[in-house]
Amino acid sequence: MKLPLVIADLIAAQDKYDSKAFSEAFSTDAIVHDEGKTYRGRAEIRQWNETTNVKYKTKYEPLEISGDGNKITLTARISGTFDGSPAIIKYHFETREGEIRSLQIY
């Protein structure tokens with residue numbers, strides 16, 4: 001499956017539990033919505049990723065990618081140390097100039 005470079009980079013960073021590289025896939029003013037919470041900017045996104053890495057040891061297995069232009073939806077099988085693992089999750093990205101501008105997870 002051919003993933004947009006920024007999403008491939010994000011998944012590669014997650015595979016290594018590299019929260020710094022993970023957060024650098026996002027623009028400086030990016031917003032992430034996950035589990036009813038909002039994270040703004042790279043520092044908050046990095047902290048969120050570090051916390052979830054420790055808590056859940058999440059791994060992504062891309063199943064489908066769709067979208068039009070800067071709006072991309074990734075369907076992935078997510079596994080880790082959370083109840084209900086593995087789960088199929090949709091990641092709704094908005095990108096701009098090779099960076100993730102927003103991400104909504106549900």
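1. Helices (DSSP runs of H or I, at least four residues) and strands (DSSP runs of E, at least two) are numbered here from the N terminus. This is a predicted model, in which local features need pLDDT of at least 70 and side-chain atom pairs count only at pLDDT 80 or more, while totals for chains, interfaces and linings use all residues. Residues are numbered from 1 along each chain as its sequence is written, and side-chain values use heavy atoms, with hydrogens and water left out.

2. The structure holds six salt bridges, a salt bridge being a side-chain nitrogen of Lys or Arg within 4 Å of a carboxyl oxygen of Asp or Glu. A network of such bridges links D29, R96 and R101.

3. Within helix 3, R46 and E50 are four residues apart, about one turn of the helix, and they form a salt bridge whose closest N and O atoms are 3.2 Å apart. R46 has a relative accessibility of 33% and counts as partly exposed, as does E50 at 30%; the classes are buried (under 20% relative accessible area), exposed (over 50%) and partly exposed (in between), with a 1.4 Å probe and protein chains only.

4. R42 forms a salt bridge with E99, the closest N and O atoms lying 2.8 Å apart. This pair links distant parts of the chain, since R42 belongs to helix 3 (residues 41–56) and E99 to strand 6 (residues 99–105), 57 residues away.

5. Which residues of helix 3 are buried? They are G41, I45, W48, N49, T52, N53 and Y56, and, seen down the axis of helix 3, the buried residues fall within an arc of 135° (taken from the directions from the helix axis to the C-beta atoms), so they line one face of the helix. A43 and V54, on the other side of helix 3, are exposed.

6. The cover over the buried residues of helix 3 includes helix 1 (5–15), helix 2, strand 1 (26–34), strand 2 (37–40) and strand 6, where contact means heavy atoms within 4.5 Å. After helix 3 comes K57, with a positive phi near 50°.
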